[in-house]
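Me: I'd like to go through this structure and ask what backs up each label. Can you take it step by step?

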Protein chains: 2
Amino acid sequence: MTRATIARIVRMKAINCAKIAGIRRSFSVASILNANRAITYRSPGDPASILTALTYPSLPPPAPHSVNVRFILSPVNPADINVVEGVYPSKPSPDQSLIGTTLFVGGNEGLAEVTEIGSEVIGLQKGDRVVMGGQQLGTWASARTLLAEDVVKVPEEISEVGGATITVNPPTAYNMIHDFVDLKEGDWLVQNGANSAVGQMVIQIAARKGLKTLNFVRSRDDLESLKRHLTNLGATQILTYDDLQDKTLREKVKEWTAGKPIRLMLNCVGGRDTTAMTRFLGEDAHLVSYGAMSKQPLSLPTSAFIFKNLTCHGFWQSRWYKQRTREEREGLFKRLAAMKLQEPEHEILTIPADINDDAATERVRDAVRKLGQGQHGKKVLLKIEQLAE
Amino acid sequence: MTRATIARIVRMKAINCAKIAGIRRSFSVASILNANRAITYRSPGDPASILTALTYPSLPPPAPHSVNVRFILSPVNPADINVVEGVYPSKPSPDQSLIGTTLFVGGNEGLAEVTEIGSEVIGLQKGDRVVMGGQQLGTWASARTLLAEDVVKVPEEISEVGGATITVNPPTAYNMIHDFVDLKEGDWLVQNGANSAVGQMVIQIAARKGLKTLNFVRSRDDLESLKRHLTNLGATQILTYDDLQDKTLREKVKEWTAGKPIRLMLNCVGGRDTTAMTRFLGEDAHLVSYGAMSKQPLSLPTSAFIFKNLTCHGFWQSRWYKQRTREEREGLFKRLAAMKLQEPEHEILTIPADINDDAATERVRDAVRKLGQGQHGKKVLLKIEQLAE
């Protein structure tokens, strides 16, 4: 039996136990019928029309291999929107545990506190702060029952916002810097989308390792203030895509790098500008793509592969998690916490206990609508209050 | 001192020794003034206008670390033409050894026989058959003095044509099949340009390893005869780029492969058809490019990198040689010889001893002109006769 098969069986047993526990619960005096709230949908579609707040009872005691958690903060990431739309490769599992009807709970990332432990759970305690070790577990909720193997403890020194946003962007940046090229202090990397959430993490993590960064951003009115912000984070050089038209740029880059070949490029844009950026790469370079904001393909001259030995990869943090052990995940979070990275700019959207589901639904749909229109510059973090303890 | 530096110093000493030996030679009764002939040029340009046959004296005895060789057959490869044009990344070194004037000798590949050994040479004997271990050594000649480290012995069982063509196409095919994905018997690979010299080697080597090949070729009048030829070499399935329009093709491929994911794609074409071919690839696949016959870039959706974990590489046999030891090179040739691969279709262009340089020049330029117009379907192998022994 493979590990994956065993994990699947354990998971199914846990779900069955939870169901049995759920049935028992309905006869229990201790259960509170409207204790919790989650942001849910019944089938994929436009998030601004379908996301619905739903109250549900207090959680039954967890099955032997599960834990109950209370969510502290749960980000609304761009990929979460794509999941609700049904256009993202990671699909959530339909859920029956909340109200007995099949639905999906939104959200992939979140910081939670363990409130109750199953009898067979090892290595977790009540009060531990955890993040999600599995994908698409439904974090837009006040409380959930999760398999113990699906949560990972985070270091205590990390802030609530830092913890809530530690599973996607910082590890993406960290792993892309470490997994493809063995960079030494003083080496350079080049990236586009440098002011994206990942891009800003790349700048910070690179700076802490003594790496130099050549950063590309879109031209804009407040370019100087963006440059100041990125420089404060540790960026070495900041250019705009318009600068790619400058014929002398290659010479300038050579001067900055003192002729040292650049061997790592990180790409979340694609299209023509990305192709143009590859001319700054030296031999044996690696181009790692983790996004395609231009919605254009990645187009490269074959000669770069053959004669300059360019290698192109993709990076997806979800795959990384699937292939790594709990120890590796915890180790990664420890290293990230130790770096004391600056929290992303954010705003917290509280869904208070004292409004009804319709009002809560409106607040969430409104936020999602603004996100879709690019009106939110900052990361939105949901704080869904429990209705009763 | 690095290995490369040492090698460079040894090489320069050998060249100096050869020059001194050359000066001595002009006073020696034994030297024959018009013993040899080479196809040369003074600076890069149009091969059909500048390649020039040139006679030169018998070779002086080789310096301590060098050997004299007599060429048996020397291919005219497409890349050789690009080198003469000055548009290929590998540049030949200018040569003064033949007539004292700086010129270039064409040709990168060739089978030769060792005729004389320097006093310090170990591991080579008179009569050994060798191929070039270095790049751009100038093989379009009847005889040359070469550094012993620049030649590699070939197994005795291999034919003259097989030996003359063993350093570029068969190793390119062999290494691309072995270096990127650990393929097991019954696994599939997909390639375009399947009837190219490398493509035919891929088919043969894959078949000998029990691998299945999905081969794409251009549509043509004599498609059925080409299909028969490739099937005889061991091709599993043969399609044309026109077949890529067929919406049901993906299902057919799934049937052929019994749903087994294809994890290796070899590309010498580029452009739109190549992009379309990647839809047959499974997760964690590697796309290896070794040519760009369409002269179009390689354009791929970023999602293939991120969510299907596609990796794109280039392959250049010249780089492989630079990074490998003599033992690894000889080992590769032994494995290739043991496979008894079918010789490429070829014709031998003899430059006979009894014509003068002007006539020899005309024959070579004429052949090169035909090659440029695509009139030669077969590989052309030069056999430049010695004028005197």
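Predicted model: local features only at pLDDT ≥ 70, side-chain atom pairs only at ≥ 80, totals over all residues.

Me: What makes chain B and chain A count as being in contact?

Reply: The cut-off is heavy atoms within 4.5 Å. By that rule, 28 residues of chain B are in contact with 28 residues of chain A. The two chains bury about 2100 Å² between them, with 59% of it on carbon and sulfur atoms.

Me: Which parts of chain B supply the side that touches chain A?

Reply: Strand S13 (281-289), strand S14 (298-300), helix H10 (302-307) and strand S15 (311-314) of chain B each give at least two residues to it. Sorted by class, that side of chain B has 15 nonpolar, nine polar and four charged residues.

Me: How do you know that S14 of chain A and S14(B) pair?

Reply: Pairing takes at least two bridges found by DSSP. Strand S14 (residues 298-300) of chain A and S14(B) have three bridges, in the antiparallel sense, so they qualify as a pair. Within this pairing, A:Ser299 stands opposite B:Ser299.

Me: Why are S2 and S4 of chain B said to stand at the edges?

Reply: The open sheet in chain B has three strands in the order S2-S1-S4, with antiparallel pairing. Strand S2 (52-56) and strand S4 (104-105) of chain B each have a single partner strand, so one side of each is left without a neighbour in the sheet.

Me: What joins S1 of chain B to S2(B)?

Reply: Five bridges, with strand S1 (residues 36-41) of chain B and S2(B) running antiparallel. At least two are needed for a pair, so the five bridges are enough. B:Arg37, for one, has B:Thr55 as its bridge partner in S2(B). Helix H13 (residues 357-372) of chain B lies across S1 and S2 of chain B, at about 140 degrees to S2(B).

Me: And in chain A, what is the order of the strands in the open sheet?

Reply: S2-S1-S4, with antiparallel pairing. Strand S2 (52-56) and strand S4 (104-105) of chain A are the edge strands, each pairing on one side only. Five bridges join strand S1 (residues 36-41) of chain A to S2(A), and A:Ile39 has A:Ala53 as its bridge partner there.

Technical notes:
Residues numbered from 1 in each chain as written. Chains lettered and ligands numbered in written order. Heavy atoms only, no water. Buried area = accessible area lost by both parts, 1.4 Å probe. Helix = DSSP H or I, 4+ residues; strand = E, 2+ residues; numbered from the N terminus. Nonpolar A, V, L, I, M, F, W, Y, C, P; charged D, E, K, R; others polar. Axes fitted to C-alpha atoms, helices over the stretch in contact; angles between N-to-C directions.
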